[in-house]
Amino acid sequence: MPQARGRAGGGGGGAQAGRADHRPLRRRDHHHHSEPSMKPTRHPTTTPHGAAAHRPGLGDPTVQPVPASVVEQVDAADVTLSNPKRAVISLGSNLGNRLEILQGAVDALEDTPGLRVKAVSPVYETVPWGVDPGSQPTYFNAVVLIKTTLPPDSLLERGQAIEEAFERVRDERWGPRTIDVDILAYQDVISDDPRLTLPHPRAHERAFVLVPWHDIDPEAVVPGRGAVAELLSAVGREGVEPRADLELRLPE
């Protein structure tokens, strides 16, 4: 399945664009509430069986099925996740109900056969990257750790399907977006394949990626680039503001 090299964009981590399965995904009713402000019960969330209680005002996050080609490939592995691979996903949104959209993306990842969400970072608010100050809304950003039997190209396809379900538009470079779903790293894979660059080619220089990544995995390493902690020390935390009043919950 052809895919294009990842490209940077705003505080969303840089979309890894390519050809997604264009069959429509079924979506739950998605109510557009104003973004809630409430204290979290914990940060970060790191265990799959201790999900936080449902947060009032989030609505019912969306996105269920996966492309048929992916379902067939991983159906048997869905039960046992035999020999899963570890991957890191970046999420970013600066349009619509940003928190609800991020939560919907987390839930959609968990709904994917052959994939389990293992940890979800705290939420950060960041200034859009690469555009004039004040020209776009700020981003909400988070990082998710997963284990999966999906190969990288199928994982990318799933991310693109989630973006399409949330009506992500790609007609403007650095443009605002409802959601970015980017693969930051997949195991220790280093690949310059133009269809999918691993690790993400700009992950090591983006504070809005490194800060939440370090929160949920302080010992993490960006393959070929070094320890996340050291990279973060070099980049700094400027422009990445913690939103202690907001929380993403692990899917139940």
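Buried residues are those under 20% relative accessible area, exposed ones are over 50%, and partly exposed ones lie in between (1.4 Å probe, protein chains only). This is a predicted model, in which local features need pLDDT of at least 70 and side-chain atom pairs count only at pLDDT 80 or more, while totals for chains, interfaces and linings use all residues. Residues are numbered from 1 along each chain as its sequence is written, and side-chain values use heavy atoms, with hydrogens and water left out.

**Overall content**

The protein has six helices and 10 strands; helices (H or I, at least four residues) and strands (E, at least two) are DSSP runs, numbered from the N terminus. Of its 252 residues, 54% count as buried. With contact taken as heavy atoms within 4.5 Å, residues 24 or more positions apart account for 79% of the contacts with a separation of 6 or more.

Strand 3 (residues 85-93) runs antiparallel to strand 7, and six bridges join them; two strands pair if DSSP finds at least two bridges between them. Within this pairing, Ser 90 stands opposite Asp 182.

A nonpolar core is a set of buried Ala, Val, Leu, Ile, Met, Phe, Trp, Tyr and Cys residues joined through side-chain atoms within 4.5 Å. The largest such core has 32 residues, and those touching the most other members are Ile 89, Leu 91, Val 117, Ile 146, Leu 155 and Leu 248. At least two residues of this core come from each of strand 3, helix 3 (98-110), strand 4 (115-120), strand 6 (139-148), helix 4 (152-165) and strand 7. Helix 3 gives the most, with seven residues. Apart from this core lies another, of 21 residues, with Val 143, Ala 203, Val 222 and Val 240 among them.

Leaving aside neighbours within four places in sequence, Ile 89 is in contact with residues including Leu 109, Val 143, Ile 146, Leu 155, Val 181 and Leu 184.

**Helix 6**

In helix 6 (residues 228-235), the residues Val 228, Leu 231 and Leu 232 are buried. Seen down the helix axis, the buried residues fall within an arc of 100°, so they line one face of helix 6; the arc is that of the directions from the axis to the C-beta atoms. The cover over these buried residues includes helix 5 (207-216), strand 8 (221-222) and strand 9 (226-227). On the face turned away from the buried side are the exposed residues Glu 230, Ser 233 and Ala 234. Gly 236 follows helix 6 and has a positive phi, near 85°.

**Backbone and ring details**

| Residue | Phi | Relative accessible area |
|---|---|---|
| Asn 83 | about 55° | 64%, exposed |
| Gln 187 | near 50° | 34%, partly exposed |

Asn 83 is found in the loop between helix 2 (77-80) and strand 3. Gln 187 is placed in the loop between strand 7 and helix 5. Pro 199 is also found in the loop between strand 7 and helix 5, and the peptide bond from Leu 198 to Pro 199 is cis, with omega near -10°.

Arg 98 lies over the face of Phe 140, at 3.8 Å from the ring centre; a charge sits over a ring if NZ of Lys or CZ of Arg is within 6 Å of the ring centre and within 35 degrees of the ring normal.
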